[in-house]
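Visitor: I am new here and would like to be shown around. Could you take me through this one step by step, and tell me what the words mean as we go?

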Amino acid sequence: MRVALPHELGKDEVRRRLKERSHEIADYIPGGMAQVETGWAHDNCMTLHVAAMGQSIDGQVEIEDDQVIFIVELPAALGFIRGMLEGAIRKNGTKLLENG
């Protein structure tokens, strides 16, 4: 699943904000029981691993000049939450990019 969020911040600023606020990702997952690990594959790619309720989801955030792309490897068993997850990424991904 891919969700693109436009921005006008520049790659360096997006990277700074993601690094500064990535710890907030767990707060955006309902239930408050999620474990979130982030890392950096390279300067423009933040990796994600989310574990909650016995399920794991891996993904990455690609930083481009004019958009940030959330790429989530959603297991088939969790396909029913795709729409909800896309909405949450749009809403909360935008919060991660806000000046904070």
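Guide: Gladly, and one term comes first: a salt bridge is a side-chain nitrogen of Lys or Arg within 4 Å of a carboxyl oxygen of Asp or Glu. What you see is a predicted model, where local features need pLDDT of at least 70 and side-chain atom pairs count only at pLDDT 80 or more, while totals for chains, interfaces and linings use all residues. Residues are numbered from 1 along each chain as its sequence is written, and side-chain values use heavy atoms, with hydrogens and water left out.

Visitor: What makes Glu86 and Arg82 a salt bridge?

Guide: The closest N and O atoms of Glu86 and Arg82 are 3.0 Å apart, and the limit is 4 Å, so the pair qualifies. Both residues lie in helix 2, four residues apart, about one turn of the helix. Helices here are DSSP runs of H or I with at least four residues, strands are runs of E with at least two, and both are numbered from the N terminus.

Visitor: Why are Glu86 and Arg82 called partly exposed?

Guide: Buried means under 20% relative accessible area, exposed means over 50%, and partly exposed is in between, with a 1.4 Å probe and protein chains only. Glu86 has a relative accessible area of 22% and Arg82 has 41%, so each of them falls in the middle class.

Visitor: How many salt bridges are there in the whole structure?

Guide: A search finds seven. One of them joins Arg15 and Asp12, at 2.8 Å from N to O. These two sit in helix 1 (residues 11–21), three residues apart, about one turn of the helix.

Visitor: Are Arg15 and Asp12 buried or exposed?

Guide: Arg15 is buried, because its relative accessibility is 13%. Asp12 is exposed, because its value is 58%.

Visitor: Which residues are linked in a network of salt bridges?

Guide: Glu13, Arg16, Arg17 and Glu20 are. Within helix 1, Glu20 and Arg16 are four residues apart, and their closest N and O atoms are 2.9 Å apart. Glu20 is partly exposed at 41%, and Arg16 is partly exposed at 35%.

Visitor: Why does Asn44 count as buried?

Guide: Asn44 has 18% relative accessibility, so it counts as buried. You will find it in the loop between strand 2 and strand 3.

Visitor: What makes the link between Asn44 and Arg15 a polar contact?

Guide: Such a contact is a pair of N or O atoms within 3.5 Å; within protein, one must be able to donate a hydrogen and the other to accept it, and residues adjacent in sequence count only if both atoms are side-chain atoms. The side chains of Asn44 and Arg15 are joined at 2.8 Å, so the distance is inside that limit.

Visitor: How do you know that Glu62 has no salt bridge?

Guide: For charge, Lys and Arg count as positive and Asp and Glu as negative, while His and the chain ends are not counted. The nearest side chain of opposite charge to Glu62 is Arg2, 7.4 Å away, and the limit is 4 Å, so no salt bridge is assigned. Glu62 is buried and belongs to strand 4 (residues 55–63). Its side chain does have a polar contact of 3.0 Å with that of Gln60.

Visitor: What makes strand 2 and strand 3 a pair?

Guide: Two strands pair if DSSP finds at least two bridges between them. Strand 2 (residues 35–42) and strand 3 (residues 45–52) have seven, in the antiparallel sense, so they pass. They form a hairpin with two residues between them. Strand 3 is also joined to strand 4 by eight bridges, again antiparallel.

Visitor: Why is Gly54 called exposed?

Guide: Gly54 is called exposed because its relative accessibility is 78%. It lies in the loop between strand 3 and strand 4.

Visitor: Where is confidence lowest in the protein chain, and where is it highest?

Guide: The confidence score is pLDDT, given by the predictor for each residue from 0 to 100. Helix 2 is lowest, at a mean of 88, and strand 1 (residues 2–6) is highest, at 96. The chain averages 89, and 96% of the residues score at least 70.
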